[in-house]
Amino acid sequence: MEFELIAKTFMGLEPILAQELTQLGANDIQIGRRMVSFKGDKELMYRANFQLHTAIKILKPISHFKAKSADAVYDEVKKTDWSQYLDNTKTFAVDAVVFSEEFRHSKFVSYKVKDAIVDQFRERTGGRPNISVANPDLRLHIHIAEDDCTLCLDSSGESLHRRGYRQESVEAPLNEVLAAGMILLTGWKGDTDFIDPMCGSGTLLIEAALIARNIPPGVFRKEYAFEKWADFDKDLFDTIYNDDSQEREFTHHIYGYDIDLKCVGKARLNVRAAGLTNDITIEQGDFKDFTQPQNKSILVTNPPYGERISTPDLLGTYRMIGEKLKHAFTGNEAWILSYREECFEQIGLRPSLKIPLFNGSLECEFRKYSIFEGKLKTFRSEGGVVKTDEEKAQMAEKHRFKKNREFKQRLDEQAENEEGDIRSFTFHHHKFDEFKKKEKRDDRSDLRQGRDRDRRDNRRDERGNRRDDRRDGRRDDRGGKRFDRGQKSDRKYGTKNNRHYEDD
């Protein structure tokens, strides 16, 4: 049976998320602001959490209503039969996002929802479920836009950008969902080498390897909120988790460099934790010493903006980037995410595409540069194409969410991408004709051919046993619990105490 679902994401990544959902087989896909709504069954909800690269949360709406006061919210929430989802032995938590003149404080809305649920149980049973903010059995999410209210079950729990492979972090690390979205926006699927000359803790490198091999990012996760639901189908999720039939071979390589030796060490640790050491090589190196790669490559990087991370000569750094791209990256594509217009100007190259993206509260641009030898006029006269018709069309629409806003304006604190999500539930229907059934069949066939037969033969019926077997076989030379590429990660390895999460 299909039901309504909502996938939250960052502003600017909505079309990419919709494409991912189309490939998963979702129906009635509609793009909103920082979210995509769709319809699917329980299996699709599990897969959306496990396989989507660009989703932050997967929500399951259970009630839509209008309310112009806190008492009205209380009354409407109380109409739901909460015994379907909770009992007196369970715990729950309520998150709220509010954009309304009537409701000024999201925490107050959360309290009213909590009171309605608790009062219903007291009236019916004489007891009540308790609140647990840290690790509840049921997570609820309420969204209010003016007087339109949507009450949802949160099927994800902890934000999906917290993959689980990040062991060490650097200052101002790039969010994993944003990194994956950037890579998918380039259209790269592992068909060339991949380079990040300012790799920091290695987020872009790891996300690129996951995309190249078509590895679900959820393979590293410890748990999902839906695993505590009363109707959780363990066998179904075990089947999804253990299915590696769509993973593919990656015949190229991923290279990362950073001038800071500490960053190199942290990035290598994260790569090892993700089991991707065979696909990713990280070395200490200054971008000013960059040389022309031997193989066809794509370069994707996130240089300092002069905000949370700076450099003694910020504009000089961007001039150097432009010079290196022009003279040591010819015949390839480079994609750069940055914040300041004056920094982009120092690159001195004409971008063929500009895509607005938010990095935290900063309204950035993700720019594509097609690097060619000689002068532009000569390049075009020889049949070279700097900007395709599709890119011209995209450039014409690049101001779609920048209306009435200047380039460097920040989001206010309430509207931060990770917390402030769906401002409006007025959707625009979105279709993707390019994803044909034939293409899916062809892709599936290619993926099966590249499958590792030994891993499939060793697959266990029970996910826990399989994880234990993987853990035992993946001791590296450091004696820890990390592992090299070739098999999926141990989803339950470690605890939160030995992982270091950083807010972006």
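At 45% relative accessibility, Ser83 counts as partly exposed, since that class covers whatever falls between buried (under 20% relative accessible area) and exposed (over 50%), using a 1.4 Å probe and the protein chains only. The model is a predicted one, so local features need pLDDT of at least 70 and side-chain atom pairs count only at pLDDT 80 or more, while totals for chains, interfaces and linings use all residues. Residues are numbered from 1 along each chain as its sequence is written, and side-chain values use heavy atoms, with hydrogens and water left out.

Back to Ser83, which sits in the loop between α3 and β5 (91-99). Helices (H or I, at least four residues) and strands (E, at least two) are DSSP runs, numbered from the N terminus. Not counting residues up to four places away in sequence, Ser83 touches Gln120, Phe121 and Arg124, where contact means heavy atoms within 4.5 Å. Ser83 and Gln120 are 37 residues apart in sequence, and their C-alpha atoms are 9.3 Å apart in space.

Helix α3 (residues 70-78) and helix α4 (residues 106-125) meet at an angle of about 40°, with 9 Å between their axes. The axes are lines fitted to C-alpha atoms, for helices over the stretch in contact, and angles run from 0 to 180 degrees between N-to-C directions. That angle makes α3 oblique to α4; under 35 degrees would count as roughly parallel, over 145 as roughly antiparallel, 65 to 115 as roughly perpendicular, and the rest is oblique. The crossing of α3 past α4 is right-handed, a label for a near helix turned clockwise from the far one by less than a right angle, with anticlockwise giving left-handed. On the α3 side, the contact is made by Ala70, Asp71, Val73, Tyr74, Val77 and Lys78. Helix α4 brings Phe108, Lys112, Val113, Asp115, Ala116, Ile117, Asp119, Gln120 and Glu123. Sorted by class, the contact of α3 with α4 has eight nonpolar residues, one polar and six charged. Here Ala, Val, Leu, Ile, Met, Phe, Trp, Tyr, Cys and Pro go down as nonpolar, Asp, Glu, Lys and Arg as charged, and the others, Gly among them, as polar.

From α2, the contact draws on Lys42, Glu43, Tyr46, Arg47, Phe50 and Gln51, and from α7 on Leu236, Phe237, Ile240 and Tyr241. The contact of α2 with α7 splits into six nonpolar, one polar and three charged residues. Tyr241, which belongs to α7, is buried, with 0% relative accessibility. The C-alpha atoms of Tyr241 and Gly218 are 8.7 Å apart, although 23 residues separate the two in sequence.

Backbone angles deserve a look too. In general, most residues other than glycine have a negative phi. Arg34 has a positive phi near 60° without being a glycine. Arg34 is placed in the loop between β2 (27-31) and β3 (35-40), and counts as buried at a relative accessible area of 0%. Asn214, not a glycine either, has a positive phi of about 60°. This residue is in the loop between α6 (203-213) and α7, and Asn214 is partly exposed at 24% relative accessibility. Just after α1, Gly25 takes a positive phi of about 100°. Helix α1 itself (residues 14-24) has Glu14, Ile16, Leu17, Ala18, Glu20, Leu21 and Thr22 buried.

Among the strands, β4 (residues 57-66) holds Ser63. At 14% relative accessibility, Ser63 is buried. Leaving aside neighbours within four places in sequence, Ser63 is in contact with Thr80, Cys149, Thr150 and Leu151.

As for the whole protein, it has 15 helices and 16 strands. Of its 504 residues, 55% count as buried. Contacts between residues at least 6 apart in sequence join residues at least 24 apart in 79% of cases. The protein exposes about 23000 Å², with carbon and sulfur atoms supplying 44% of it; accessible areas come from the Shrake-Rupley method with a 1.4 Å probe, and for residues only the protein chains shown count as cover.
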